[in-house]
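Please read these notes with the model open beside you.

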Amino acid sequence: MNPVTFHAPQAHAEALRLAARDGAAYIAGGTNLIDLMKEGVMRPASLVDINSLPLDTIAPTEQGGLLLGATARNADTAYHPLVRSGYPLLSAAILAGASPQIRNMASDGGNLLQRTRCHYFYDIAVPCNKRVPGSGCSAIGGLTRQHAILGASEHCIATHPSDMCVALAALGAVVHASSEQGERRIDFTDFHRLPGANPERDNTLLPGELITAIELPPAGQFAAHSAYLKLRDRASYAFALVSVAAALDIGPDGTVRAARVALGGVAHKPWRVPAAEDALLGKQPASAAFEACAELLLAGARGHGQNDFKIPMARRAVVRALGQAAAGTIDNMHAAPASAGKEPL
Amino acid sequence: MDAHTTAGPAPAVATYPISLRINGEQRQCEVEAWVTLLDLLRERLGLSGTKKGCDHGQCGACTVLVGGKRINACLTLAVMQNGKEVVTVEGLADGGQLHPLQQAFIDHDAFQCGYCTPGQLCSAVGLMREGEARTVAEVRELMSGNVCRCGAYPQIIAAVTQVMGLAEHKDNPDRPYLPGTVPA
Ligand SMILES: Cc1cc2nc3c(=O)[nH]c(=O)nc-3n(C[C@H](O)[C@H](O)[C@H](O)COP(=O)(O)OP(=O)(O)OC[C@H]3O[C@@H](n4cnc5c(N)ncnc54)[C@H](O)[C@@H]3O)c2cc1C
Ligand code: SF4
Ligand code: FES
Ligand code: FES
């Protein structure tokens, strides 16, 4: 690791002031930043530890939603009774990520800001536009098994690796951010960005800006019919090749009243297509509608050779996840509901 | 936290005074900011029970308990854990009495080279404290942060589930395995 100085501010204003200095980086769990510092990919001059700030609570909002503090741990969030009951999709997605040890350290804010797992990004001996702007992209024409099939540019084909973010995108979360200029709220769909000509910027946060919390909209709408499906090279403890967060609101007449579907592992950000969700409205939750939805979600998908398989895989994963959601929430922590299995899973 | 600047030949390197309670004993140290908890334990305090496998959070060999929770000591800085209570594999036994998990690992022949074992033991203690695993399949999933290259998994799972009193249980028939969802 490069030489670095360390600060553990007790007050919000001091944290913002320290972070505004050149080369400063916040550290929360450290599970991504320390890893990247060991590889020499990130070389902050000073670390601003935000764990002494009062940002670790999980509490209901006046609107009936839930506020997840930025330094609340991924494990505490996934197992929180209000998350389990109101947002089982979020619980399932977090528990599908990393390992229990990492989830005990990883923070909710840090999860949003974890960087790509593109192996060329990690290898400081080769060009990478995300690491060194303008140096080129080694992935294009290289090993692309894990790379993007949607929203990529000729400058970068990396994917965002988070599972939690796929569920947050589907649930319509809002990021609360704070800087010396003031507070602001960022819709989750606007938080991460596509690579375009500036893949070095993963998101729309400003330099030195601090995530203080993640706000979830009122609970309940999708609690009965949601599923997070994660497909990977081994059964556990691996990043997604493709993942799907599927959430349905099924009305008393048995048709779909509202739907959210987000894909992980396929793009620089969790991938949502409003038209694909609208295609489910008023339909019976069954294969024909799910296939139409998948088709719209994957419209324009393009492989890079080794990752061509992700396109049909994602299509089938969408259909399967929607089938699981329709049959009843898979929250990964309690017995599958009796209704599970009535639809082919 | 205030840094101390060590006297001596330039360039001066800032160090930070920290105090940790490790296996019940209060320890004071001066560390540079970039010293991981793992390196502090192994290289400076001589507690070599905790192993360094990958040094990148991928294998679980460095698992210790901080504040009762299992974490990877390789992915946290010692200075970030100032004031905390740390338990390593050296702290699991009660005097001469092995921790029930340690005895169960011996009884089930749950190690070959033994390199991953300290992390597996600390992880299993953490898993039991968390109280989220109720079936053998859940134990398997919630031990997945510990990689054993000798492949001693069946014996490890047998040892952990025996101590948890789950040994007689088969995987829960009410909870069919759904590939891609976690835990199984
Ligand atoms: C072996 C391994 C496997 C993993 N597998 C998965 C997986 O399958 N799925 C998955 O989703 N994740 C996975 N992860 C990633 C893990 O979830 C992230 O590393 C973690 O969520 C990051 O959180 P943190 O608090 O540790 O972040 P840190 O490392 O502390 O910070 C990450 C970045 O965010 C910045 N930052 C942190 N907090 C704030 C804040 N509040 N405001 C502004 N900036 C901030 C830091 O400066 C840094 O740049 C894995 C990690 C490892 C090491
Ligand atoms: S895909 Fe993006 S992150 Fe990977 S080498 Fe290319 S520019 Fe870098
Ligand atoms: S040494 Fe820490 S997880 Fe491998
Ligand atoms: S016993 Fe050898 S690595 Fe597990």
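1. Glu277(A) is buried, at a relative accessible area of 5%. Buried means under 20% relative accessible area, exposed means over 50%, and partly exposed lies in between (1.4 Å probe, protein chains only). Its side chain meets that of Arg272(A) in a salt bridge, 3.0 Å from N to O. A salt bridge here is a side-chain nitrogen of Lys or Arg within 4 Å of a carboxyl oxygen of Asp or Glu. Arg272(A) is partly exposed, at 25%.

2. A word on the basis. This is a predicted model, in which local features need pLDDT of at least 70 and side-chain atom pairs count only at pLDDT 80 or more, while totals for chains, interfaces and linings use all residues. Residues are numbered from 1 along each chain as its sequence is written, chains are lettered from A and ligands numbered from 1 in the order in which they are written, and side-chain values use heavy atoms, with hydrogens and water left out.

3. Over all chains, the structure holds 17 salt bridges. One of them joins Asp35(A) and Arg117(A), with the closest N and O atoms 3.6 Å apart. Asp35(A) sits in helix α2 (residues 33-38) of chain A and Arg117(A) in the loop between α7 (108-113) and α8 (119-122) of chain A, so the pair ties together parts 82 residues apart in sequence. Helices (H or I, at least four residues) and strands (E, at least two) are DSSP runs, numbered from the N terminus. Asp35(A) is buried, at 2% relative accessibility.

4. Arg145(A) is in the loop between α8 and α9 of chain A, Asp233(A) in the loop between β9 and β10 of chain A, and 88 residues separate them. Arg145(A) is partly exposed at 38%. Asp233(A) is exposed at 54%.

5. The loop between β9 and β10 of chain A also holds Tyr237(A). This residue has a positive phi of about 55 degrees, although it is not a glycine. Most residues other than glycine have a negative phi. Tyr237(A) is buried, at 8%.

6. Now the sheet. Strands β9-β10-β11 of chain A, in that order, form an open antiparallel sheet. Strands count as paired if DSSP finds at least two bridges between them. β9 (226-231) and β11 (256-264) of chain A are the edges; each has a single partner strand, so one side of each lacks a neighbour in the sheet. Eight bridges join β10 (residues 242-250) of chain A to β11(A). In β11(A), Leu263(A) is the bridge partner of Val244(A).

7. Two helices pack on this sheet. Helix α5 (residues 88-95) of chain A touches β9 and β10 of chain A, and its direction makes about 15 degrees with that of β9(A). Helix α9 (residues 164-171) of chain A touches β9, β10 and β11 of chain A, at about 150 degrees to the direction of β11(A). Contact means heavy atoms within 4.5 Å. Axes are lines fitted to C-alpha atoms, for helices over the stretch in contact, and angles run from 0 to 180 degrees between N-to-C directions.

8. Finally, both chains meet in one network: salt bridges link Lys38(A), Asp39(B), Lys52(B) and Asp55(B). Asp55(B) lies in the loop between α1 (37-44) and β4 (63-66) of chain B. Asp55(B) has a positive phi of about 65 degrees, though it is not a glycine. At 18% relative accessibility, Asp55(B) counts as buried.
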